[in-house]
Amino acid sequence: MSRPGFVLEVDDRTPPLVVHEGQGFRLEEFPLGTRVIYPPESVPSVPDVEEAIREALVNPVDSEPLPSLLKPGMRLTIAFDDLSLPLPTMRAPDIRQRIIEQVLTMAADAGVDDVELIAANALHRRMTAAELKHIVGERVFRSFHPQGLLYNFDAEDRDNLAHLGTTDRGEDVEISKRAAESDLLVYVNVNLVAMDGGHKSVGIGLASYNSLRHHHNPQTMVRSHSFMDHTKSHLHHSAWRMGRLIKDHVKVFQIETTLDNRVFPSPYDFLMKREWEWSVRDQASMLAVRRGLSVAPKRLRHKMFHDIRAPYGLTGINAGEVEAVHERTIEAVHRQQLVEVQGQSDVLVMGVPYLGPYNVNSTMNPILATCMGLGYYFNSYRGQPVVRRGGAVILYHPLNEGFDQLRHPSYVDFYEEVLAESTDPAVVGAKYEQQFANDPWYIHLYRTSHAYHGVHPFYMWYWAAHAMDHVDDVIWVGADRKVASRLGFRAASTLGDALEMAADTVGASPSITYLHNPPHLIADVKV
Amino acid sequence: MGVIREGVEDVRMVARGWRWGRRPLVPRSAEPWMEPVEQTVFGTDWARRRPGRVAREVAQKGGLEPVFRSQVRTHVEGLDVLSRIQGPVIFVANHASHLDTPLILLSLPDEWRRRTAVAAAADYFFDTWWRAVGSALLFNTFPIDRRGGAMSATPGEVLADGWSLVVFPEGTRSQDGWTGKFRLGAAFLACEYGVPVVPIAHRGTFAAMPRGQNWPSPGRRRLTIRFGEPLRPEPGESPRSFAPKIRHAVSTLLDEESSTWWEARQRAASGATPDPGGPDVATWRRVWAQTKSPEPGDRRAAWRR
């Protein structure tokens with residue numbers, strides 16, 4: 001029986017606690033009385049994955065069984081989440097591979113010839129062939145990729161986009177033409193966190209900038225409290241309106257999966273355990289990993305972390321009508337990640353790890369680190385933020401990984417030119433977003449290389465808009481001072497220094513909460 | 001060199017944080033809730049049979065006492081009360097350190113010491129077999145459940161067999177050296193079995209070896225121990241009314257320890273005996289006061305010169 005998440009109060013018996021900071025971690029001795037939120041342990045996973053997939057496809061929610069939807073001569077499109085999910089990358093075989101193989105088996109049995117597979121990467125970078133192959137598996141890759149029937153979605157290919165109309169709020173809905181004109185669109189999702197899935201899958205994953213700009217903007221993000229709770233997220237409200245419009249044009253068969261919390265394989269598994277329960281072996285592993293990291297050159301350190309493949313287990317799979325499926329999915333995500341927390345605190349502490357959705361096989365540049373800390377982790381709450389309005393956030397990350405010119409070219413200019421002028425999401429959005437979104441060179445790199453779209457760094461910055469609006473002080477521990485200052489934040493060498501710096505905002509003896517993730521958690525804050 | 005130094009610092013931090021060589025601790029807020037279960041009583045009868053007694057005599061006289069006396073100095077008062085009574089009795093003392101038990105046992109006359117058993121926390125001294133066997137053999141301990149609920153049958157049986165008991169009614173070592181609340185266990189035993197209670201007050205063990213320390217501080221600190229007049233429960237008296245009398249007796253002895261017998265008696269008679277729980281001041285001041293070992297000059301002579 002797995003134990004639920006819980007809130008620890010640091011006392012004199014508490015050993016130093018792990019805090020992630022980029023490609024490394026430190027052991028921090030928190031002030032007495034600090035609350036530490038631990039995620040629940042992994043809930044039991046599905047014993048027979050193949051059978052669970054079959055069961056979901058044959059007995060879907062609010063929909064006819066998949067085999068009865070498959071007819072000879074039909075146009076079938078299978079879309080799937082890209083490499084930003086799950087994190088870290090799942091150990092092979094990926095769950096999407098196992099689902100797609102069963103869907104294709106059913107399609108072959110039904111005599112469907114016209115099948116295309118599209119990675120729903122929206123404005124994310126094109127995946128390499130190897131990355132695609134890891135997701136769909138060798139068999140699917142060999143059958144479709146050489147013929148050009150397995151490909152990354154191209155949001156700038158005007159000829160292959162379909163404008164389906166506008167919502168009642170005037171939002172354009174423009175998605176992949178192939179998907180929109182299919183007789184059946186099967187979407188295979190990995191619902192790692194609560195923000196994924198639902199109408200966000202097709203409505204955002206297969207959409208163009210023309211459509212995304214309606215919800216990926218500072219105004220929407222500031223009002224999404226939080227974007228990890230789709231019922232309170234303006235971003236999701238917009239995606240839901242678009243999804244309902246899409247539903248009128250194309251039949252979507254949504255397949256959503258949920259995973260357990262096993263993010264670190266051996267010998268890194270000590271990172272998932274509660275520190276006071278570390279065995280001698282765990283302590284030795286930790287010391288060995290720390291020593292190894294301290295002597296390893298930068299490239300090796302990068303490899304050590306980015307080669308991690310998570311031994312995730314499947315905790316649930318649901319298929320059928322988008323909204324009905326998503327309701328069940330969210331229940332499963334909450335079962336795995338929700339932790340009840342009483343009240344807000346003055347200071348929220350978070351360690352930003354080496355990996356976020358946008359730096360798989362790449363570097364965590366300062367903008368992505370901000371997005372990870374103030375975007376994803378800050379928003380990992382339900383109800384109220386963990387930190388009070390006007391409080392302080394303390395983040396751990398060195399902010400010194402630099403920029404990946406291949407994957408993040410527009411980030412470099414965003415950092416050098418835009419942030420130098422203003423760090424206010426609303427200001428930078430109004431002034432520069434169009435220029436970056438329509439820049440022909442960025443569009444060229446997005447379409448032909450492996451670069452994120454020109455507008456992507458703006459979205460990362462908007463992701464953090466709610467946190468920037470909510471708290472008065474953001475301090476990075478162990479960060480490069482110059483970089484932190486460019487981002488509009490401050491840097492401190494130690495937690496003690498950071499707390500002293502935050503004293504102007506929150507007083508000399510603030511209440512502190514540390515979010516002990518990864519693995520993922522959602523703080524259910526009761527006020 | 002920096003790498004080696006950092007490595008050493010890491011190892012030190014882990015050794016400290018994970019208490020290498022010491023009992024691992026779980027943060028209080030993470031302690032699992034335990035269903036109150038009937039503790040299985042660890043059998044310690046063997047420790048009170050002849051081979052156990054012989055082994056204990058050798059261990060106490062040959063090992064414990066020389067080591068104890070090499071580390072601390074003791075000053076014993078009031079042993080004459082034992083010449084006026086017959087065992088078994090219940091020795092009740094304040095509790096501030098692991099030194100308390102050897103101090104009491106080694107202060108007793110040999111014939112009393114050989115017939116005295118010690119009530120020890122089942123969850124602490126009897127959690128592993130080797131700790132249980134060691135403490136039963138060396139100190140003649142038997143387990144009691146300090147989490148409340150029904151007392152195990154063992155103390156009564158030990159008393160009935162004619163053994164005197166050492167009981168620390170506070171249930172745990174003091175956090176700051178001052179005396180805490182007394183539980184009813186000792187009073188219950190005295191009332192139930194009609195045995196007298198001999199109050200004991202000692203000072204200096206907290207200063208010499210407080211919680212968290214597993215060896216006395218250097219310098220052969222001085223410990224003082226004082227035995228008081230035996231108390232007997234009135235016929236039909238309840239433990240609840242008898243327990244405060246025991247605590248009062250220990251308080252008076254502690255007062256006597258820092259003043260004189262006569263002044264302590266006077267204060268006791270007027271109800272002005274200082275609270276052994278200590279003054280209501282900042283924690284550091286409470287700890288500070290107790291970290292000073294009692295020295296001969298501290299105590300005023302009964303007659304001023």
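Student: How many residues of chain B are in contact with chain A?
Tutor: This is a predicted model, so keep that in mind. In it, 15 residues of chain B are in contact with 17 residues of chain A.

Student: And on the chain B side, how do those residues divide into nonpolar, polar and charged?
Tutor: The side of chain B that touches chain A has nine nonpolar, three polar and three charged residues.

Student: Let's stay with chain B. Is helix 3 mostly buried or exposed?
Tutor: Helix 3 of chain B covers residues 100-107, and seven of its eight residues are buried. The rest of the structure therefore largely encloses this helix.

Student: Which residues of that helix are buried?
Tutor: They are D100(B), T101(B), P102(B), L103(B), I104(B), L105(B) and S107(B).

Student: Now chain A. How many helices and strands does it have?
Tutor: Chain A has 21 helices and 20 strands.

Student: What does its radius of gyration say?
Tutor: The value for chain A is 22 Å. A compact globule of 527 residues would have one near 24 Å, so the two agree. The C-alpha trace spans about 70 × 55 × 45 Å along its principal axes.

Student: What share of its residues is buried?
Tutor: Of the 527 residues in chain A, 54% count as buried.

Student: Which domains is chain A divided into?
Tutor: Domain 1 takes in 6-41 + 338-526, domain 2 is 49-259, and domain 3 is 266-307.

Student: How many residues of domain 1 are in contact with domain 3?
Tutor: Ten residues of domain 1 of chain A are in contact with ten residues of domain 3 of chain A. On the domain 1 side, six are nonpolar, four are polar and none is charged. The centres of these two domains, taken over C-alpha atoms, are 22 Å apart.

Student: What about the largest nonpolar core? How many residues does it have?
Tutor: It has 165 residues. Those with the most contacts inside it are I78(A), A79(A), V103(A), V393(A), I394(A), I475(A) and A523(A). Helix 14 of chain A, residues 366-377, gives the most to this core, with eight residues.

Student: Pick I475(A). Which residues is it in contact with, beyond four places in sequence?
Tutor: I475(A) is in contact with A392(A), I394(A), F489(A), R490(A), A492(A), A498(A), M501(A) and A502(A).

Student: What does the second core include?
Tutor: That separate core has 56 residues, and I90(B), V198(B), A249(B) and L254(B) are among them.

Student: Last one. Is A122(A) buried or exposed, and why?
Tutor: A122(A) counts as buried because it has 24 C-beta neighbours inside 10 Å. The cut-off for buried is 20 or more. A122(A) also has a positive phi, near 45°, although it is a residue other than glycine.

Student: And R19(B)? What is its phi?
Tutor: R19(B) has a positive phi of about 50°, and it is not a glycine. R19(B) is partly exposed, with 14 other C-beta atoms within 10 Å.

Definitions and conventions: Residues numbered from 1 in each chain as written. Chains lettered and ligands numbered in written order. Predicted model: local features only at pLDDT ≥ 70, side-chain atom pairs only at ≥ 80, totals over all residues. Helix = DSSP H or I, 4+ residues; strand = E, 2+ residues; numbered from the N terminus. Rg over C-alpha atoms; globule rule 2.2 N^0.38 Å. Buried ≥ 20, exposed ≤ 12 C-beta atoms within 10 Å, placed from the backbone. Domains from an automatic or database assignment. Contact = placed C-beta atoms within 7 Å. Nonpolar A, V, L, I, M, F, W, Y, C, P; charged D, E, K, R; others polar. Core = buried A, V, L, I, M, F, W, Y, C linked by C-beta atoms within 7 Å.
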